[in-house]
Amino acid sequence: MHPQCNLIVDTCCDLPFEVIDREGVELVKFPYILSDGEHFDDLFQTTIVKEFYGAMRQGEQPTTSQVSMEAYKDVFTRAAQSGVPTVCLSFSSGLSGSYDVAVLMLEQVKSEYPDAEIYLVDTRLASVAEALLVYEALRQRDKGMSAQELAEWAEEARFFVDEAFMIDDLEVLKRGGRIPSTVAYAGSKLDVKPLLTITPDGKLSITGVARGRKKGIKQLADYYEKRVQNSGPEKIVIIGNADCEKDAEKLKEILSKNNENLLFLESSIGPVIGSHVGPGMIAVVFWGSDKREELSVADKIANKVRGERKNG
């Protein structure tokens with residue numbers, strides 16, 4: 001069956017290139033800057049994992065920036081000119097301003113091509129959590145979903161992607177402004193490995209701490225066991241790592257002991273996400289329960305008010 005729609009995804013999904021290298025899928029490449037100038041994340045097609053993280057271990061401090069207006073305008077213009085309905089799945093607006101840039105450029109392109117059917121979805125996810133949504137979106141597209149159906153599916157499915165990841169060095173996150181300095185300071189003094197997750201609004205949140213990597217890997221496995229859903233999509237688990245393959249294998253081994261039928265997809269954390277998490281990050285991602293149900297009463301009321309104002 002020929003797909004009814006095309007997909008635009010970005011390199012912050014950290015999927016293996018071969019997974020998305022298919023007809024009707026276009027890749028938006030996030031930029032990152034090293035001491036030798038600007039580069040573009042292409043899912044390690046032109047960069048070697050060990051070289052990138054090796055440089056960070058030697059003191060390189062890469063920085064990142066938003067996707068340019070021109071890049072989004074170009075990709076949306078090509079989508080409009082193709083005449084094929086298209087869905088764009090964007091990196092979390094809670095962690096980057098690129099989604100806002102995409103919104104502006106899509107409005108501009110739609111004013112020039114009013115009949116273009118292009119849907120933009122804020123995944124509210126990052127890295128291998130975004131990867132799971134993109135991976136399943138590709139499957140749903142190939143099973144015959146229309147662009148409108150796929151956009152509506154993604155708007156709902158994003159809240160069921162569950163993830164936990166362990167960072168080796170909080171200083172990297174602090175430098176990128178992703179966590180407060182006080183949290184990084186406390187973590188370094190206590191010699192703990194923080195376990196983080198992504199909130200329903202697409203921001204980072206600490207879900208626990210571990211004394212050392214070995215215990216941290218066990219806690220990632222425990223997180224999975226407590227929160228994975230037995231129903232729904234097949235039991236696919238994505239394990240991401242930032243140049244720590246042995247730890248990824250260990251996590252896979254622990255998960256496999258209790259679950260013989262898991263389908264693992266392994267991924268190397270790309271240079272853009274890697275710039276913010278540093279070498280040694282390890283993640284587990286899977287289908288869980290609705291994150292919105294875990295919101296506090298106060299947050300639920302706030303979301304309800306925002307929704308009413310938006311609809312009003």
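I looked up Tyr72 and Phe76 first, and both are buried (under 20% relative accessible area, with exposed over 50% and partly exposed in between, for a 1.4 Å probe and protein chains only). This is a predicted model, where local features need pLDDT of at least 70, side-chain atom pairs count only at pLDDT 80 or more, and totals for chains, interfaces and linings use all residues. Residues are numbered from 1 along each chain as its sequence is written, and side-chain values use heavy atoms, with hydrogens and water left out.

Tyr72 and Phe76 sit four residues apart in helix 3 (residues 69-82), about one turn of the helix. I take helices (H or I, at least four residues) and strands (E, at least two) as DSSP runs, numbered from the N terminus.

Next I looked up Tyr224 and Phe286, an edge-to-face aromatic pair with 4.9 Å centre to centre and 80° between the planes. Rings of Phe, Tyr and Trp (its six-membered ring) pair if their centres lie within 6.5 Å; planes under 30 degrees apart are stacked, over 60 edge-to-face and the rest tilted. Tyr224 belongs to helix 9 (residues 213-227) and Phe286 to strand 13, so the pair ties together parts 62 residues apart in sequence. Both Tyr224 and Phe286 are buried.

Then I turned to strand 13. Six of the six residues of strand 13 (residues 282-287) are buried, so the strand is largely enclosed by the rest of the structure. Ile282, Val284 and Phe286 point one way, and Ala283, Val285 and Trp287 the other way.
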